[in-house]
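Have the sequence and the 3D view ready as you read.

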Amino acid sequence: MTDSNLPSVQLAEAIAKQLGQLRRLLALAPPHEAAQILASVLDYDTGILGEVTQLVETGSRFAKVHSEHGVLPPEVWLALGRAANELDSVGGDLAEHTGTIKQVAKPTAPSSRPTAAPVASAMVIRRRR
């Protein structure tokens, strides 16, 4: 059982609550604001995803030491290591798209030219019933 009086545990709980607030704001935000939020979250060098990945990596190192001393089962260390690796891989995949998301986040002045209708890619075409 965790001691919720520890400042570190209180910080973790506060961050979790703030992430929930951010998720709700993202769901309601207009497109340019949602894109700004996502770009900030996904920026692997300074964003939330990179920090969470590093946090899980740190947890994996903690679990390694304690599994070597018999305090934690090795499966805990392996699971945290796998999670850190997966987060790192996903972060790398998403980093390719952060620039595109940042472009959506930039407000653009309205154009007097009519814009072409967006063309659906094979990935997003929906079937009509």
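The axes of α2 and α4 come within 8 Å and cross at roughly 150 degrees (axes are lines fitted to C-alpha atoms over the stretch in contact, with angles from 0 to 180 degrees between N-to-C directions; helices are DSSP runs of H or I, at least four residues, numbered from the N terminus). That makes α2 roughly antiparallel to α4, a label for angles over 145 degrees. From α2, the contact (heavy atoms within 4.5 Å) is made by P31, H32, A35, Q36, L38, A39 and L42, and from α4 by L94, T98, I101, K102, V104 and A105.

This is a predicted model, where local features need pLDDT of at least 70, side-chain atom pairs count only at pLDDT 80 or more, and totals for chains, interfaces and linings use all residues. Residues are numbered from 1 along each chain as its sequence is written, and side-chain values use heavy atoms, leaving out hydrogens and water.

The axes of α3 (residues 48-68) and α4 (residues 74-105) also come within 8 Å. Here are the two pairs together:

| Pair | Crossing angle |
|---|---|
| α2 and α4 | roughly 150 degrees |
| α3 and α4 | roughly 160 degrees |

Which residues form the largest nonpolar core? A29, A34, A35, I37, A39, V41, L42, L49, I101 and A105 do. Such a core is a set of buried Ala, Val, Leu, Ile, Met, Phe, Trp, Tyr and Cys residues joined through side-chain atoms within 4.5 Å, buried being under 20% relative accessible area (1.4 Å probe, protein chains only). α2 gives the most to this core, with six residues.

Notes: Helix = DSSP H or I, 4+ residues; strand = E, 2+ residues; numbered from the N terminus. Buried < 20%, exposed > 50% of the residue type's maximum accessible area, 1.4 Å probe, protein only. Parallel < 35°, antiparallel > 145°, perpendicular 65-115°, else oblique.
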